[in-house]
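The stops below follow one another, each with something to select.

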Amino acid sequence: MPTDVRHWLATAACAAVVGCGAPDAPEAPEEDAVHHDETHGAVHWGYEDADGPEHWADLSPEFSVCASGRAQSPIDLSAATSVSGAQIDRLVGEVVVSADQRAEVMDIVNNTHTIQVTPDVDVAIVIDGVRFALAQYHFHAPSEHAIAGKRYPLEAHFVTSNADGELAVLGVLYEAGEHEPGFDVIVSNLPRGEGEERHLENLEVGIEELRPLQRTFYAYSGSLTTPPCSEGVRWFVFAEPEQLSSEQLDAIAALLPDNARPLQPLNERELLLVTSEE
Ligand SMILES: [Zn+2]
């Protein structure tokens with residue numbers, strides 16, 4: 001279903017960056033900064049030293065798969081097998097999107113591990129008839145996935161889940177280039193303090209306008225890239241990076257730790273490079 005795949009990719013990306021191409025996005029949404037502590041009661045982990053990725057499995061029994069898992073993320077994407085969109089059902093089945101048209105409310109939290117955005121928008125990926133609803137998206141700097149060893153300045157993860165709690169994540173790589181107006185609402189409302197959360201209301205963030213279509217993407221079965229590193233996550237990563245201005249990239253990256261987990265071995269997994277048919 002190459003047409004559906006393209007439509008899903010374009011719409012999911014557009015929905016996730018909230019407002020790309022929207023001509024009527026407001027300049028000054030109402031904002032209400034609140035504080036909360038997401039780490040209370042949770043096992044502390046991080047990206048450096050004794051709390052870093054090499055030690056995650058030691059921090060809690062619940063994190064053991066971070067070390068023992070054979071299907072971990074992120075990975076280098078260069079060893080992919082090229083397939084056409086018509087063959088994608090070998091891995092993911094039919095993929096379509098259902099989406100409401102705008103987000104009016106959006107929360108942005110700095111949870112010390114990342115900047116995470118929760119838009120109140122009804123967007124879902126449908127994989128083989130199963131609905132995966134967009135829950136949140138967040139950022140990693142530099143990118144977690146690499147292509148032929150190359151990491152990009154930023155990667156966004158759009159996290160969706162189905163009714164059974166299974167996850168599908170759309171990964172988008174970003175490089176320095178054109179200014180992306182759809183990102184301004186995020187960049188101008190970044191929560192700077194650890195644990196700080198911003199609640200934006202009265203947004204008119206449309207998702208109808210499609211970004212330039214991504215015709216190729218990587219698909220594989222992987223894991224959360226943070227503890228507890230749970231496996232069974234369906235990964236889709238655009239093959240071509242999107243562009244943000246250097247100022248936009250820097251504004252987001254400046255608030256993140258170096259939060260890219262080291263590359264994990266592919267092992268016996270199948271990694272596909274899916275090219276939609278013309
Ligand atoms: Zn992530």
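Start with the aromatic rings: a search of the whole structure finds 9 aromatic pairs. Here rings of Phe, Tyr and Trp (its six-membered ring) pair if their centres lie within 6.5 Å, with planes under 30 degrees apart counted as stacked, over 60 as edge-to-face and the rest as tilted. Select Trp-45 and Tyr-47: their ring centres are 5.8 Å apart and their planes stand at 70°, so this pair is edge-to-face. Both Trp-45 and Tyr-47 are buried (under 20% relative accessible area with a 1.4 Å probe and protein chains only; exposed is over 50%, partly exposed in between).

A note on the model: it is predicted, local features need pLDDT of at least 70, side-chain atom pairs count only at pLDDT 80 or more, and totals for chains, interfaces and linings use all residues. Residues are numbered from 1 along each chain as its sequence is written, and side-chain values use heavy atoms, with hydrogens and water left out.

Next, select Tyr-137, Phe-139, Phe-158, Tyr-174 and Phe-183, which form one aromatic cluster. Phe-139, Phe-158 and Tyr-174 also belong to the largest nonpolar core, which has 39 residues, and are among those that touch the most other members. Such a core is a set of buried Ala, Val, Leu, Ile, Met, Phe, Trp, Tyr and Cys residues joined through side-chain atoms within 4.5 Å. A second, separate core has 15 residues, including Ile-75 and Trp-235.

Now show the zinc ion. Which residues are its protein donors? They are His-138 (NE2), His-140 (NE2) and His-157 (ND1), at 2.0 to 2.1 Å. Donors are N, O and S atoms within 2.8 Å of the metal (3.2 Å for Na, K and Ca); water is not among the atoms, so sites may look incomplete. The donor spacing in sequence is H-x1-H-x16-H. His-138 counts as buried because its relative accessibility is 11%, and His-140 is buried at 2%.

Select Lys-150 and Tyr-152 next. The charged end of Lys-150 sits over the Tyr-152 ring, 4.8 Å from its centre; the test asks for NZ of Lys or CZ of Arg within 6 Å of the ring centre and within 35 degrees of the ring normal.

Finally, go to the loop between helix 4 (184-187) and strand 11 (196-201), where Asn-189 lies. Helices (H or I, at least four residues) and strands (E, at least two) are DSSP runs, numbered from the N terminus. Asn-189 is buried, with a relative accessible area of 5%.
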